[in-house]
Amino acid sequence: MREVLSDLLGWWDSGRTVGMATVVRTWRSSPRPAGATMLVGPDGTAVGSVSGGCVEGAVYELSREVVDSGVPVVQRYGVSDDDAFAVGLTCGGIIELLVEPVSRDTFPELDAVAAAIAARDPVAVVSVVEGPPAQLGRRLVVWPASSSGSLGSERLDAAAADDARGLLAAGRTDTLHYGLDGERRGEGLTLFVASYAPPARMIVFGAIDFAASVARIGDFLGYHVTVCDARPVFATSKRFPGADEVVVDWPHRYLRAELDAGRVDPRTVVCVLTHDPKFDVPVLQVALREDLAYIGAMGSRRTHDDRLARLREAGMTEQELARLSSPIGLDLGARTPEETAVSIAAEIIAGRWGGGGARLATTDGRIHHDVA
């Protein structure tokens with residue numbers, strides 16, 4: 001919804017009804033992830049995509065029908081459909097969509113959700129996507145300290161709000177399963193939780209040419225990118241146009257301050273590119289003792305061995321050192337700063353989704369992994 005929010009809010013503000021289709025579940029090689037959204041406006045305009053073009057025509061017609069009827073529906077599309085090449089996913093995947101009418105009456109909290117997203121305040125939208133017909137499409141909006149709307153009962157709302165906050169803290173969009181009254185081990189009810197958390201952070205230490213390329217690819221991947229270096233002559237915004245911010249500070253001091261202020265979370269990735277022990281050893285002492293998504297450090301094999309020796313002398317345990325990706329990146333044979341940035345990004349992605357980094361042509365089975 002984030003990608004189409006401006007159009008959605010404009011129609012919502014005008015008091016008109018919009019057909020909104022959201023990917024709530026996927027199987028196999030689906031072209032768009034859960035949360036991808038397509039709108040059909042009151043003037044017939046289509047905005048966004050749920051499949052990259054495979055089923056958009058069918059979804060367009062279904063969205064218009066839903067607006068006319070006022071009744072949400074859940075629809076599944078896949079290559080196994082009878083008319084697969086007409087409305088199926090020719091890539092072989094399967095997607096399940098919640099198609100619903102959105103207006104001031106059906107989604108009164110939309111302006112508050114939009115305001116939270118604009119302010120980068122965490123908010124989650126929980127929708128019923130499987131259950132009794134009367135509950136289908138019911139919605140609960142969850143903030144870290146409050147909620148609005150209802151899924152059907154106080155017990156269900158309380159359970160869903162607690163679990164949605166857990167997903168929100170991790171920045172995860174997912175489905176939850178309950179009994180009809182919110183029993184966590186029950187069956188019969190499936191909820192889709194769309195998390196709108198602030199972008200995960202990438203903190204790049206070392207204002208070198210490699211850092212400029214890493215910052216650009218980090219921005220491309222959706223991270224909020226910070227470049228930090230203690231040397232003001234190198235740490236300038238002009239040298240790092242791909243970064244959201246450039247900070248002049250000692251790396252370890254900056255990271256410690258960000259941790260203490262609560263601005264670093266388990267989704268944060270840290271790339272130490274200084275390969276200078278007076279910078280990288282102190283910051284790694286801080287980073288390796290924290291719950292972070294990825295910690296990588298640049299340097300040759302000799303630099304890596306020297307760095308490990310210094311970290312051990314500083315009191316780091318073998319368990320802590322095992323969390324360090326060094327030398328940084330996957331073995332792609334990269335040479336230029338841009339190629340090196342790709343290898344670093346590839347390692348971050350592999351760690352996030354449980355990939356092994358092998359060539360897909362040499363592997364069997366599913367392409368996408370179920371868990372990170």
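Is Arg201 buried or exposed, and what is its relative accessible area? In this predicted model, Arg201 is buried, its relative accessible area being 9%.

## Salt bridge of Arg201 and Glu245

Arg201 pairs with Glu245 in a salt bridge whose closest N and O atoms lie 3.5 Å apart. The two residues belong to distant parts of the chain, with Glu245 in strand S13 (residues 245-248) and Arg201 in strand S11 (residues 201-205), 44 residues apart. Whereas Arg201 is buried, Glu245 counts as partly exposed, at 29% relative accessibility.

## Other salt bridges

The structure holds 22 salt bridges, among them one between the side chains of Glu96 and Arg76, with an N to O distance of 2.8 Å. This pair also links distant parts of the chain, since Arg76 sits in strand S4 (residues 73-78) and Glu96 in strand S5 (residues 94-102), 20 residues apart. Glu96 is buried, with a relative accessible area of 5%, while Arg76 is partly exposed, at 44%.

In a further salt bridge, Lys278 meets Asp276, the closest N and O atoms being 2.6 Å apart. Lys278 is partly exposed, with 47% relative accessibility, and Asp276 is likewise partly exposed, with a relative accessible area of 22%.

Methods:
Residues numbered from 1 in each chain as written. Predicted model: local features only at pLDDT ≥ 70, side-chain atom pairs only at ≥ 80, totals over all residues. Heavy atoms only, no water. Salt bridge = Lys/Arg side-chain N within 4 Å of Asp/Glu carboxyl O. Helix = DSSP H or I, 4+ residues; strand = E, 2+ residues; numbered from the N terminus. Buried < 20%, exposed > 50% of the residue type's maximum accessible area, 1.4 Å probe, protein only.
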